[in-house]
Amino acid sequence: MSKNFTHNINLLDLEEQKEQDEFAHDVEQALKSQQPSFLQAQTGLGKTYGYLLPALVQTSKQILVTVPTKVLQDQIVANEGQNLEQIFHISLHSLKSPANYLKLDFFYDSLQQVDDNRLVNRCKMLLLVWLTETESGDLDEIGQRHRYQTYLQQVLHDGKLSKKSHFWDTDFWQKGQEKSKRSRVLVTNHAYFLTRLEDDKSIVENRLLIVDEAQKLFLALENLSRKSLNMTKCLQQIQLELKEVNTILERRLLEDIQFELAHAIEQFQRYRKNELAKETCSKLRQDLSEINTSSLSDLHAIFATKYDQFWLKEERFDDYRVTMLEAACLEMLDFRALLPEEVQVLFVSATLEISKKVHLAHLLGFEHAPFYQLPQKQKYQQKIWLDKNFPNVVDLDVDTYAELIVKWVHKLATQEVPLFVLFTSKALLLAVSERLRLPHLAQYKNGEAANIKRRFDRGETSILLGSGSFWEGTDFSSQEQMIEVITRIPFDNPSDFFTQKLNRKLRQEGKNPFYDYSLPVAILRLKQALGRTIRHQEQQSAVVILDNRMLTKRYGRQIQTALEKIAPISVTSMKKIPKEIEQFLRKKSL
């Protein structure tokens, strides 16, 4: 590799970009400082090469890159990773949770069991064929994996492997651990990285840490301060324990625990009292401290002293409902406190300054850190349209909202350009999918995000309905032209526990939770959404936003001003927008 960034880009047969070169220079300066640094650059300039190439030249340490989602993790390994290996012979490895792999011992044992369930038997056969073909052993390769989730839970890897195992030499997770020791670059995701870091600091020792999409790391931190437990399974386990109990004391303790939990569920289901009383929590903690059984380890863990608020919630699936117990810490976690002092880390993000009063470095626990920023530039190969006649989304029920979106999809599909529809609600996404009479792929219905993204890229269909990780962790770089529909401004749910906790912290600091955080973060998510479909200079992207609050609310002007720095905005009617999009996309072909 050359010490010259532009020369390395040319060797990779990539197009030179002035902004990417400026970003790479900032990375070089940040690496020389040897202290935690924050770098801000807009999406679409090639940040991955912008930080990887200078880092590979300037440090001999192993590089650990963490990104928001497994989808983005897979993309980097498949794209940048493959190119780096072919041109510079640099090895790159994807580091995922053990739960992404089969434990072959468990799977072998399950094959010895006769099962009458046709779906389970189909899954076993699918896995046997897949094991003869896969090179990585990553379960994300399996299409519609969610259909087999109940069975897969029984055979997932637990991160432990005996040397006496018949599969010691062939275990995919074990081979991955060995490869990670030899690789120059490791790529992981925020969720797995934080889980490992909390218990095992060696994941960052003697490594350069690069946190990509760093604003998502702050949100992922919340998962460390929360825990969930399926109450149905928990009560079933207690019932099994009561059948095996040996002493009167243990029986009374188990019966007390069973009563307290069942009573809390009854209060929730009958009167919607979701928060557990402090007296109930104290009683459960006391009873659990006097009983020692490994089968109730999850219950012991959720009532650990680190959690100080407990509530019940209901999760709905296609044909059943589950009551979950949620536990959380009231205090915000400090990321800096999780890191060993000597670790060098670069935080990369499209928006580090969330607002004039709130900065990501502060939220992560870094009061004084170098800050590098590239100015944002408008992209003329992208344009945004606002439907001035779209109804107020807050007043719409799911069915009406879905019908309106379906009308838009049918109108835009006539352009014969790949169409990506982005949702903030799973229920709305599925309602649209149910009504849409055009061939399409829908997240939650047709598979995991990574799987349906691969199918979309292969051209199986030209319409994709996505949510969740599609907001910040999925790039559409292979499509020359795209139409993107954003169904709603992505505000945080004000009733969410984390949102309430953060709002409380901001008020204590004399800040306005909406204008200093919620609104800027929603703008950030919109910017990221725009960046998903404009990954290089040859690409064209037409974006339609179906939320008229951008036109009717006072804060709407703020959102428009922010987005206009990225792409021009046209405010017009549903009747005119398709024709304007057609003319815009035609410019490239002329």
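A quick definition to start: a residue is called buried under 20% relative accessible area, exposed over 50%, and partly exposed in between, using a 1.4 Å probe and protein chains only.

Before the details, please keep in mind that this is a predicted model, in which local features need pLDDT of at least 70, side-chain atom pairs count only at pLDDT 80 or more, and totals for chains, interfaces and linings use all residues. Residues are numbered from 1 along each chain as its sequence is written, and side-chain values use heavy atoms, with hydrogens and water left out.

1. **Two loop residues with positive phi.** Glutamine 34 is exposed, at a relative accessible area of 53%. Its phi is near 65°, a positive value in a residue other than glycine. You will find glutamine 34 in the loop between helix 2 and strand 1; helices (H or I, at least four residues) and strands (E, at least two) are DSSP runs, numbered from the N terminus. Glutamate 416 is worth a look as well, with a positive phi of about 55° although it is not a glycine. Glutamate 416 sits in the loop between helix 17 (398–413) and strand 12 (419–422), and with 75% relative accessibility it counts as exposed.

2. **Helix 2.** This helix (residues 18–33) has 16 residues and reaches 23 Å from its first C-alpha to its last, close to the 22 Å expected at 1.5 Å a residue; the expected span is 1.5 Å times one less than the number of residues. Its buried residues are Gln20, Phe23, Ala24, Asp26, Val27, Glu28, Ala30 and Leu31. Among the elements that cover them are helix 1 (5–11), helix 3 (47–58) and strand 9 (344–349).

3. **Domains.** The assignment, taken from an automatic or database source, gives domain 1 (5–91 + 183–212 + 344–373), domain 2 (99–170), domain 3 (227–328) and domain 4 (382–587). The centres of domain 3 and domain 4, taken over C-alpha atoms, are separated by 39 Å.

4. Seven strands form an open, parallel sheet in the order 3-4-2-5-9-1-10; two strands pair if DSSP finds at least two bridges between them. Strand 3 (92–94) and strand 10 are the edge strands, each pairing on one side only. The twist averages 20° from one strand to the next. Strand 1 and strand 9 are joined over four bridges in the parallel sense, and phenylalanine 38 stands opposite phenylalanine 347 in strand 9. Helix 9 packs on this sheet, touching strand 2 (62–67), strand 4 (185–189) and strand 5, and its direction makes about 100° with that of strand 4. Helix 10 also packs on the sheet, touching strand 5 and strand 9, at about 105° to the direction of strand 9. Contact here means heavy atoms within 4.5 Å, while axes are lines fitted to C-alpha atoms (for helices over the stretch in contact) and angles run from 0 to 180 degrees between N-to-C directions.

5. **The nonpolar cores.** A nonpolar core is a set of buried Ala, Val, Leu, Ile, Met, Phe, Trp, Tyr and Cys residues joined through side-chain atoms within 4.5 Å. The largest one has 38 residues, of which Phe193, Phe335, Phe347 and Leu364 touch the most other members. Helix 10 gives the most to this core, with six residues. Domain 1 and domain 4 both give residues to the core, so it lies between them. Leaving aside neighbours within four places in sequence, the contacts of phenylalanine 193 include Leu64, Ile203, Leu217 and Phe335. A second, separate core of 34 residues includes Phe5, Ala24, Ala55 and Val348.

6. Three strands make an open antiparallel sheet in the order 6-8-7. Strand 6 (226–230) and strand 7 (309–316) stand at the edges with a single partner strand each, so one side of each is left without a neighbour in the sheet. Neighbouring strands here are turned by 30° against each other on average, direction ignored. Strand 7 and strand 8 (residues 321–328) pair over eight bridges, and lysine 313 has methionine 324 in strand 8 as its bridge partner.

7. **Strand 16.** Serine 541 is the bridge partner of glutamine 382, and valine 485 stands opposite valine 544.
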